[in-house]
Amino acid sequence: MPERRNRGRCAGIWGSPSAQIDSRQLANDHDLWTIDTVACRARWSGRFRHPVVVGVGFLGGSGSARVLGYQMPHSAVHVAGKGWGHRPRGPAVARRTAAGRWAVFVLPLAAACALAGCTGQAGSNGTLEKVWGRHGIAAGRLQKPRAMAIDEEDRLYIVDMTARIQVFDGDGTYLRGWRTPTCQNGRPSGLTIGRDGLLLVADTHYFQVLFYTPDGQLLAHRTIGGTAGVAAGQFGLVTDAVQDSLGNIYISEYGAQDRVQKFSSSGQFLLEWGGHGARPGQFVRPQNLAIDHQDQVWVADACNHRIQVFDGRGRLLRLWGVPGRAPGALYYPYDLALDHRGHLYVCEFGNHRVQKFTLEGRSLGCWGTNGRGAGQLHNPWALVCDRRGRVHVLDTNNHRVQRVRL
């Protein structure tokens, strides 16, 4: 039988690295589909009227199947084998091997979410709405995305390890993209939409902040920095930039100096604060910034595993955070976002989760566990909140975005 390729319309999840590896192992068998997507509405079947998740798994002899990293009874999996008799209620293709049977499984999306821990289980207080993204370097695909911003129309701006800045709508449809001028030394690691609608890019390894129009035009005259150093207006490794209601720009950096520098809207240096260390007001890799309605500056102090809040002159107002995995603790907080409804969301690179806090630092719940499945995260770098209160999480090492309500 000739090889059949998936022409299904995407319904939510695709690009799982584990599924891609398995599909490469299996793709030489012409009885198998070449798996390109991990969630699709299979046009060739018509049996499914709801979004489904497709995964490659192993059928053992003990009446269970390994699907998306979870052990399941055969009765819980839709398997269309070749006379296997395991409730063939959905399309799938499989082959036998000497060690057992490999199969392509098709599950309803709700079942996959339940397996992945996104239905309100302990430590996972959120509802997964959508997962999108596909691993690769073509337009619209993602290669280890590192930073994300959102504009007033809920368009998402994402930069990845190819130094591409790509723009998507809130459901993951690719709109446009461009690259930073040069990236041999390294790629940007921070994105923010400024008060004037411009995109601020923390061009980390070039010691500068770039300014772009939403359609990708570089405004070279607005660039701040470009010289490595510890003097005022010079930078180490730039991590983020944000803008307050007066147009002032705050830029965080680490390396020779772990600090925040403040500039006027025209790029004139105004002041700085911080320094390398663990004392209150000091930083060890201030990875990301946020500004609230009072122009207070919120800092994700990543390697101190805490959040610090300052006024516009750098005076410390409050801090919280201890290293750990329990609710309320933090482990490498890489990004933070305010929903302007009294909540702060923190993306934890080390804990593979998102945590929701009150503005006083009380944990209201966590979402996400470590893994590759829907509702799981692998070293997430960033998150944003949209106008509807939904949180978009940049699932970096899974090369995708997940949207959740917390």
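Colleague: Which residues touch the most other members in the largest nonpolar core?
Modeller: Of its 14 residues, Y345, V354, W367, L383, V391 and V393 touch the most other members. A nonpolar core here is a set of buried Ala, Val, Leu, Ile, Met, Phe, Trp, Tyr and Cys residues joined through side-chain atoms within 4.5 Å. Buried means under 20% relative accessible area, exposed is over 50%, and partly exposed is in between (1.4 Å probe, protein chains only).

Colleague: Which elements give two or more residues to this core?
Modeller: Strand 10 (127–132), strand 28 (343–348), strand 33 (382–385) and strand 34 (391–395). Strands are DSSP runs of E, at least two residues, numbered from the N terminus.

Colleague: What kind of model is this?
Modeller: The model is predicted; local features need pLDDT of at least 70 and side-chain atom pairs count only at pLDDT 80 or more, while totals for chains, interfaces and linings use all residues. Residues are numbered from 1 along each chain as its sequence is written, and side-chain values use heavy atoms, with hydrogens and water left out.

Colleague: OK, back to V354. What does V354 touch?
Modeller: Leaving out residues up to four places away in sequence, V354 touches Y345, V346, G365, C366, W367, L377, L383, V393 and L406. Contact means heavy atoms within 4.5 Å.
Modeller: There's also a second, separate core of 13 residues, which includes A202, V209, F211 and I224.

Colleague: New topic. How many disulfides are there?
Modeller: The search of the whole structure finds 0, a disulfide being a pair of cysteine sulfur atoms within 2.5 Å.

Colleague: And C183 and C303?
Modeller: C183 counts as partly exposed because its relative accessibility is 22%. C303 is partly exposed too, at 30%.

Colleague: What's the strand order in the open sheet of 4 strands?
Modeller: The order is 11-12-13-14, with antiparallel pairing. Two strands pair if DSSP finds at least two bridges between them. Strand 11 (147–150) and strand 14 (174–179) are the edges, each pairing on one side only.

Colleague: How many bridges join strand 13 to strand 14?
Modeller: 5 bridges, between antiparallel strands, with strand 13 covering residues 164–168. F168 stands opposite Y174 in strand 14.

Colleague: Last one: T396. Buried or exposed?
Modeller: T396 is buried, because its relative accessible area is 0%. T396 sits in the loop between strand 34 and strand 35 (400–405).

Colleague: What does the T396 side chain reach?
Modeller: The backbone nitrogen of W381, at 3.1 Å. Not counting residues up to four places away in sequence, T396 touches K144, P145, H378, N379, P380 and W381.

Conventions: A polar contact is a pair of N or O atoms within 3.5 Å; within protein, one must be able to donate a hydrogen and the other to accept it, and residues adjacent in sequence count only if both atoms are side-chain atoms.
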